[in-house]
Amino acid sequence: MTSADLVDFSDPPLVEVVISVQFDRVAGLASYRSAGLFKRWSGDYPHVTPQPEMSPLPPLAGAADGIFVHMGPAVEGRLWFGSPDEQHLIQLQADRLAYNWRDVGQPYPRYPHVRARFVRAWEDLTQVFDDGRPVVNQIEVTYVNRAAGSPDLVLAGWDNKLCAQ
């Protein structure tokens with residue numbers, strides 16, 4: 001498939017695009033071990049705010065047998081590194097790195113730009129540690145679209161008992 005084969009909206013209905021990688025926990029990543037990343041990111045992402053930690057992604061279908069249990073947030077939490085215009089965000093916690101592009105009134109720069117920013121953040125993360133790359137166990141790409149219309153109209157025809165309530 002070439003770029004000519006892809007659907008190209010003149011005004012994509014996107015509100016946000018997130019590329020996230022989950023890895024085995026790295027102790028201190030969202031606290032004392034993030035100092036080197038702050039130095040690298042402070043020019044583009046000077047606004048740093050603590051946030052509650054995201055829950056781990058559930059195991060993929062067909063993964064090893066077992067039970068997924070999450071008993072509340074970890075102590076370390078999560079850090080947001082935000083751009084001054086709030087369009088770009090890096091999220092960092094002990095087991096996750098995510099890059100978000102957010103619609104703040106500027107055109108969507110398209111996936112290659114979003115991916116390049118994520119790759120740069122991932123390369124920064126792997127370069128600040130002398131004990132090797134984090135062991136990745138899942139990668140996620142999320143597109144959040146505007147759904148125009150009333151909830152009844154948007155959800156009409158969905159075969160979902162929650163929507164019928």
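**Figure 1. By the rule applied here, the count of salt bridges comes to four, in a model that is predicted.** One of them joins glutamate 53 to arginine 25, with the closest N and O atoms 3.5 Å apart. Because glutamate 53 lies in the loop between β2 and β3, while arginine 25 lies in the loop between β1 and α1 (35-41), this pair ties together parts that are 28 residues apart in sequence. Glutamate 53 has a relative accessibility of 11% and therefore counts as buried, the limit for that word being under 20%. Arginine 25, at 45%, counts as partly exposed.

**Figure 2. Aspartate 95 and arginine 25 meet through their side chains in a salt bridge, at 3.9 Å from N to O.** Aspartate 95 sits in the loop between β4 and β5 and arginine 25 in the loop between β1 and α1, so the pair ties together parts that are 70 residues apart in sequence. With a relative accessibility of 5%, aspartate 95 counts as buried.

**Figure 3. A salt bridge joins the side chains of arginine 40 and aspartate 124, at 3.3 Å from N to O.** Since arginine 40 belongs to helix α1 and aspartate 124 to helix α2, this pair ties together parts that are 84 residues apart in sequence. Arginine 40 counts as partly exposed, at 41% relative accessibility, whereas aspartate 124 is buried, with a relative accessible area of 12%.

**Figure 4. Glutamine 93, whose place is in strand β4, counts as buried, with a relative accessibility of 0%.** What does the side chain of glutamine 93 reach at 2.9 Å? At that distance lies the backbone nitrogen of methionine 54, and the side chain of glutamine 93 also makes a polar contact, at 2.7 Å, with the side chain of aspartate 95. If the neighbours within four places in sequence are left aside, glutamine 93 is in contact with Phe23, Leu29, Ala30, Glu53, Met54, Gly77 and Arg78. Arginine 78 also stands opposite glutamine 93 in β4, and β3, a strand covering residues 78-82, is joined to β4 by five bridges, the two strands running antiparallel.

**Figure 5. Six strands form an open sheet in the order β2-β3-β4-β5-β1-β6, with antiparallel pairing.** The strands at the edges are β2 (47-51) and β6 (136-145), each of which pairs on one side only. On average, neighbouring strands of this sheet are turned by 15° against each other, when direction is ignored. Helix α2 lies across β1, β4, β5 and β6, and runs at about 30° to β1.

**Figure 6. Strand β5 (residues 96-102) is largely enclosed by the rest of the structure, because six of its seven residues are buried.** Strand β1 (residues 14-23) is joined to β5 by seven bridges, and these two strands run antiparallel. Strand β4 (residues 88-93) is likewise antiparallel to β5, with six bridges joining the pair, and β4 and β5 form a hairpin that has two residues between them. Which residue of β5 is the bridge partner of serine 20? The partner is alanine 98, and alanine 98 is also the bridge partner of glutamine 91.

**Figure 7. Glutamate 86 and arginine 110 are shown for their backbone angle phi, which is positive in glutamate 86 and in arginine 110.** Most residues other than glycine have a negative phi. Glutamate 86, although not a glycine, has a positive phi of about 65°, and this residue is found in the loop between β3 (78-82) and β4. The relative accessible area of glutamate 86 is 52%, so the residue is exposed, a word that requires over 50%. In arginine 110, which is also a residue other than glycine, phi is near 85°. Arginine 110 lies in the loop between β5 and α2 (111-127). Is arginine 110 buried or partly exposed? At 29% relative accessibility, arginine 110 counts as partly exposed.

Conventions. Residues are numbered from 1 along each chain as its sequence is written. This is a predicted model: local features need pLDDT of at least 70, side-chain atom pairs count only at pLDDT 80 or more; totals for chains, interfaces and linings use all residues. Side-chain values use heavy atoms; hydrogens and water are left out. Buried means under 20% relative accessible area, exposed over 50%, partly exposed in between (1.4 Å probe, protein chains only). Helices (H or I, at least four residues) and strands (E, at least two) are DSSP runs, numbered from the N terminus. Two strands pair if DSSP finds at least two bridges between them. A polar contact is a pair of N or O atoms within 3.5 Å; within protein, one must be able to donate a hydrogen and the other to accept it, and residues adjacent in sequence count only if both atoms are side-chain atoms. Contact means heavy atoms within 4.5 Å. Axes are lines fitted to C-alpha atoms, for helices over the stretch in contact, and angles run from 0 to 180 degrees between N-to-C directions.
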